[in-house]
Amino acid sequence: MVQVWQAHLSGRYDATRGQWWNALSYLSEQADVITLTEGLQAREWIAEWAMAHGWEHVQPKGAENGILFRGLERDRDGQRDAAVRAEGVTELSQRLPSGKRVTATWAKVNLHQRARPVAFVVAHLPAKVEGRSWFARGRHYATHVQAVRGLKRVAAEQNRRVSLTFDANLNLRRPWVRAWERVAFRRYQPAWRGRLPEAGTFKGRIIDWLLVGRGIRCDQAEPLRRIDGFDHRPFVVTLRV
């Protein structure tokens, strides 16, 4: 099997160009693939960083979420050359009351000459849905349910050979959330499993998720250090494809 390191950062709308560049430079030292949410305002800065450092950037115009691949640079075994075969943005649900769209950015990629293509999917699901013992009902809840169905639909279109990464806005430290995750994503292996680390992804909570599908295995997620300008903590996962 081929090992690939994936890092994720849930971005922040008001982070500066310098903060985004510093974040991406740090994450590029940890991973071969970087997924990002809340990157709409920073799209041009992310593209500039990718061009300057030889990475491929997938974030179609108007997309909130993005994916970066090491591109023409070789990985740690000196054998990989990532090639994006297809990419796009898929609307996952109805719009939120604010009018904001809920979308997923995806890219189908040849990561290694010895491995079949993998689709990376990244999304940002609605907030205001987590209760103490179950979902908080309302418009956001209905949109969240639709978005989860949409994510799984996107995965099914890729024959479930996917890495799904998303800001779920649900805290995996809550027992009911972990139980719901096991049912809702029963065909996927979660990166946050077993004993959860003390460090979370947002104020001690673990709301940024990564799950892998058919033909892929992942190690447990490892929190990385906090990055100046961002309120979410990034994490990294080793994928085996």
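This report walks through some helices, strands, cores and ring pairs of the structure above.

## Before we start

The model is predicted, so local features need pLDDT of at least 70 and side-chain atom pairs count only at pLDDT 80 or more, while totals for chains, interfaces and linings use all residues. Residues are numbered from 1 along each chain as its sequence is written, and side-chain values use heavy atoms, leaving out hydrogens and water.

Helices (DSSP runs of H or I, at least four residues) and strands (runs of E, at least two) are numbered from the N terminus.

Which residues of α1 are buried? Buried means under 20% relative accessible area, exposed means over 50%, and partly exposed lies in between, using a 1.4 Å probe and protein chains only. In α1, the buried residues are Q19, W20, A23, L24, Y26, L27 and S28. Their cover includes β1 (3-10), β2 (33-37), α2 (43-53) and β4 (66-69).

## Strands side by side

Two strands pair if DSSP finds at least two bridges between them. Strand β6 (residues 103-110) has six of its eight residues buried. Strand β5 (residues 83-91) runs antiparallel to β6, joined by eight bridges, with E91 opposite T103. Strand β7 (residues 118-124) also pairs with β6 in the antiparallel sense, over six bridges; here A104 has A123 as its bridge partner.

With β8, β7 pairs in the parallel sense, again over six bridges, and V121 stands opposite L164. Both faces of β8 are covered: V162, L164 and F166 are buried on one side, and S163, T165 and D167 on the other.

## Two nonpolar cores

A nonpolar core is a set of buried Ala, Val, Leu, Ile, Met, Phe, Trp, Tyr and Cys residues joined through side-chain atoms within 4.5 Å. The largest one has 57 residues, and F166, F185 and W209 have the most contacts inside it. Elements that each supply at least two residues of this core include β6, β7, α3, β8 and α4. Another core lies apart from it, with 22 residues, among them L24, L27, W49 and A50.

What does T143 touch? This residue lies in helix α3 (residues 139-157) and counts as buried because its relative accessibility is 0%. Contact means heavy atoms within 4.5 Å. Not counting residues up to four places away in sequence, T143 touches S93, Q94, R95, L96, V102 and P126.

## Aromatic rings

Rings of Phe, Tyr and Trp (its six-membered ring) pair if their centres lie within 6.5 Å; planes under 30 degrees apart are stacked, over 60 edge-to-face, and the rest tilted. This rule gives 14 aromatic pairs. One of them joins W180 and W209, with centres 6.2 Å apart and planes at 55°, so the pair is tilted. W180 lies in helix α4 (residues 175-184) and W209 in strand β10 (residues 208-212), so the pair ties together parts 29 residues apart in sequence. Both residues are buried.

A charge sits over a ring if NZ of Lys or CZ of Arg is within 6 Å of the ring centre and within 35 degrees of the ring normal. The charged end of R17 does this with W21, 4.5 Å from the ring centre, and that of K152 with F185, at 5.9 Å.
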